[in-house]
Amino acid sequence: MERKEDRGVAVITDTWLRKHRLIYTGATRHPFILAIRGGSVNISSFKRWLGQDFIFVRAFVPFLASVLLKAWKESDDSSDVDVILGGLAALNDEIAWFKKEASKWGVALDSVVPQKSNLDYCRFLESLMSSDVSYTEAVTAFWVIEAVYQESFAHCLEDGSKTPEELKETCQRWGNDGFGQYCCALKSIANRQLEKASDDMVAKAEANLLSVLEYEVDFWNMSHGGAV
Ligand SMILES: Cc1ncc(CN)c(N)n1
């Protein structure tokens, strides 16, 4: 089927990404990502990110479950539930992967202390789990959260990147084509929902997009912090 983008019709999420390009680039081309891509990343920064992200991913599970519930209740398209369920299943693998990766790098996940930026981001996720938050808002935020990781890690795998061999598996996890297609599916769902949403809801979804991008930048910034 011909997509709206192909027909030159403005798509809400694309309009937002153009409007907020600076912060979007800040989130997807962060110095931590550029250091991975350039091969100069400090391994203690990577380990710090790994430990913090494990905590985040655990908090992401109930958030995703809440989006699934909202899709089941509010979506007109039953395939949304399938897409989100696929995301939940992938998270199960992701948690197992974090445990394996942490043991490879000698990171004791049980003793990682969540940093403030992480706690703030997890609290934001929790606020989106409220039944007062619409499916449109929740699924839009969900798409942005996934898209930032997809764009960031795919950049580390592009031609010309000098990503260290031992970090390629991490980059593949979010930078692979399958994850890219999953993000496209989430983006289409978000756009479909936004097109029929009230102005007020669209404004809230845009504010959430900005919040996610700010939280993502702060999240990457944690990798600069003190020693692991
Ligand atoms: C902070 C963060 N943002 C996004 C993702 C991708 N699920 C993640 N693992 N961590």
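Here are some questions and answers about helix packing and the ligand site in this predicted model.

Reader: How are α6 and α10 oriented to each other, roughly parallel or roughly antiparallel?

Author: Happy to start there. The axes of α6 (residues 116–128) and α10 (residues 199–221) come within 9 Å and cross at roughly 155°. Angles over 145 degrees count as roughly antiparallel. The two helices are therefore roughly antiparallel.

Reader: Is the crossing of α6 with α10 left-handed or right-handed, and which residues of α10 take part in the contact?

Author: The crossing in which α6 passes α10 is left-handed. On the α6 side, the contact uses S117, N118, D120, Y121, F124 and L128. Their partners in α10 are N208, S211, V212, Y215, E216, D218 and F219.

Reader: How many residues in the contact of α6 with α10 are nonpolar, polar and charged?

Author: Both sides of this contact count here, with Y121 and F124 among the α6 residues and E216 and D218 among those of α10. Tyr and Phe count as nonpolar, while Asp and Glu count as charged. The division is 6 nonpolar, 4 polar and 3 charged.

Reader: Which residues are around the ligand?

Author: Some names return from the helix contact, as Y121 of α6 meets α10 through residues including E216 and F219. Those three are also around the ligand.

Reader: At what distance from a ligand nitrogen atom does a polar side-chain atom of E216 lie?

Author: For D53, a polar side-chain atom lies 2.6 Å from a nitrogen atom of the ligand. For Y149, an N or O atom of the side chain is 3.2 Å from a ligand nitrogen. For E216, the distance is 2.7 Å.

Reader: How does α5 run relative to α8, and how many charged residues does their contact have?

Author: The axes of α5 (residues 79–105) and α8 (residues 168–175) come within 12 Å and cross at roughly 170°. That makes the pair roughly antiparallel. D93, E94, W97, F98, K100 and E101 of α5 make the contact with E169, T170, R173 and W174 of α8. By class there are 3 nonpolar residues and 1 polar, and the number of charged residues is 6.

Reader: What is the orientation of α3 relative to α7?

Author: The axes of α3 (residues 31–38) and α7 (residues 135–155) come within 8 Å, crossing at roughly 30°. Angles under 35 degrees count as roughly parallel. The orientation is therefore roughly parallel.

Key
Residues numbered from 1 in each chain as written. Predicted model: local features only at pLDDT ≥ 70, side-chain atom pairs only at ≥ 80, totals over all residues. Heavy atoms only, no water. Axes fitted to C-alpha atoms, helices over the stretch in contact; angles between N-to-C directions. Helix = DSSP H or I, 4+ residues; strand = E, 2+ residues; numbered from the N terminus. Parallel < 35°, antiparallel > 145°, perpendicular 65-115°, else oblique. Left-handed = near helix turned anticlockwise from the far one by under 90°. Contact = heavy atoms within 4.5 Å. Near = heavy atom within 4 Å. Polar contact = N/O pair within 3.5 Å; in protein donor to acceptor, adjacent residues only side chain to side chain.
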